[in-house]
Amino acid sequence: MYLSQQNFSSVLNTNVIYGVNSVEKSLAGKIKEFKKLSVFIAADPGLVQAGIPTKIQNLLKENGIHSVLFSEIEPNPDAETVMKGAEIYQSESCDMILAVGGGSAMDFSKAVGVMASHPGHILDYRRGQKPVVNEVPLLFAIPTTVGTGSEVTNVAVVTDHKAGRKYVVASPVLAPKMAFVDPILTTSLPRHVVATTGMDALVHAIEAYTSVRSTPITDGLALQVIKMIKDYLPASYAHSDQLEARSQVHLASTIAGMAFGLAGVGLVHSCSHPMSAIYHVPHGLANAILLPYVMQYNLIANERKYAEIARIFDPSLTFETDRAAAEQLINVLKDFNQVLNIPNDFGFLNKQFTEEMVDRLADDAMDDRGTIPNNPRKVFKEDVVQIFNQVLPINQQGGSAE
Ligand SMILES: [Fe+2]
């Protein structure tokens, strides 16, 4: 679309404090600036073993700041856990929330913020059924994984595990006030987590870049992320001591959050959400597997932009036409996944998928209203079924004999 025909408004709400050891150097001071005295810390359980929340609690204590630790957050945080967290926030008279961890801890914290300032149940606020309008408690975020970008977005994903569904709760007031992007916290991440969450950041950038809501502002952010991930994710996967590589990937993930926070994500996320909600596939892994297949479907919608991405990965494609370069991108990304030991499909689930199971997945993907409208190609259910048929082991029983 011509810029002379575009109208948009871009707000980035979060103050990003970047740097090695930035948490140690700046966190307590920033909390004091806001005159907060009692912090509800929501931390990933995996971090408790590594001692990270305790270190933060000690840091706050030394500065006269009281804190309460809540670390019962499951992957894809459940609505009931959110309600439990909100109850503790109230009963302990906390006055701010500090999210420490990956997307689950940050999404959980945003949802607790909603329940600390709004009546009813968190699921009442899913998909804007009830608007999030009241002022929420002050929220700081410390991302300890890469990928989610939730530290700079105004979206929380809450899962209703009983119904096997993921819901978005979104509002401009949910963006954390501050995000401490400290690469030192990523040095203990297992390499497979770095690989899949790094791919999630890449998917955020690619889907934001090709989104129908993209603008020159989000394009600039997204292209920078694609370069950083291409150059540094393999090294970050190869060795956790490569602080430079881990730093590049960590910051890239935050920048990707800014890009998709403004431009949205598309069909890769629509398809991956039900794979996580129903079959518990980690978000980044599901996205990484789906990316090449969804892209193959999307290519014709914007060959120029897909070609541009291909040329970042392989500069020799500069000498090819946009179509030829874009088509090469599928294999380029399959190879990139392979370097990171990410499988080609969901065969590892050891499940035979029936037509009904694929149908449910496709319905849920089509129902993902926060993502489907952003996709560069208009999506139809039969196309989504075809994408799932390519990545799932299909039960051939009852199929037509060939
Ligand atoms: Fe994502």
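Student: Which strands form a hairpin, and how many residues lie between them?

Tutor: This is a predicted model. In it, β6 and β7 form the hairpin, with four residues between them. Look at G164 in the turn: its phi is positive, about 65°.

Student: In which sense do β6 and β7 pair, and over how many bridges?

Tutor: Strand β6 covers residues 155–160 and strand β7 covers residues 165–170. They pair in the antiparallel sense over six bridges.

Student: Now the helices. What describes two packed helices?

Tutor: Two things: the angle between the axes and the distance between the axes. Take helix α7 (residues 216–238) and helix α11 (residues 303–313). Their axes come within 10 Å and cross at roughly 30°. The crossing is right-handed.

Student: Which residues of α7 and α11 meet?

Tutor: From α7, find I226, K227 and K230. From α11, find I309, I312 and F313. By class, this contact has four nonpolar residues, two charged and no polar ones.

Student: Let me step back. How many helices and strands does the protein chain have?

Tutor: The protein chain has 14 helices and eight strands. Of its 402 residues, 51% are buried.

Student: Why does the radius of gyration agree with a compact globule?

Tutor: Start from chain length. For 402 residues, a compact globule would have a radius near 21 Å. The protein chain has 21 Å, so the two agree. Along the principal axes, the C-alpha atoms fill a box of roughly 70 × 45 × 45 Å.

Notes
Residues numbered from 1 in each chain as written. Predicted model: local features only at pLDDT ≥ 70, side-chain atom pairs only at ≥ 80, totals over all residues. Helix = DSSP H or I, 4+ residues; strand = E, 2+ residues; numbered from the N terminus. Rg over C-alpha atoms; globule rule 2.2 N^0.38 Å. Buried ≥ 20, exposed ≤ 12 C-beta atoms within 10 Å, placed from the backbone. Axes fitted to C-alpha atoms, helices over the stretch in contact; angles between N-to-C directions. Left-handed = near helix turned anticlockwise from the far one by under 90°. Contact = placed C-beta atoms within 7 Å. Nonpolar A, V, L, I, M, F, W, Y, C, P; charged D, E, K, R; others polar. Pairing = 2+ DSSP bridges.
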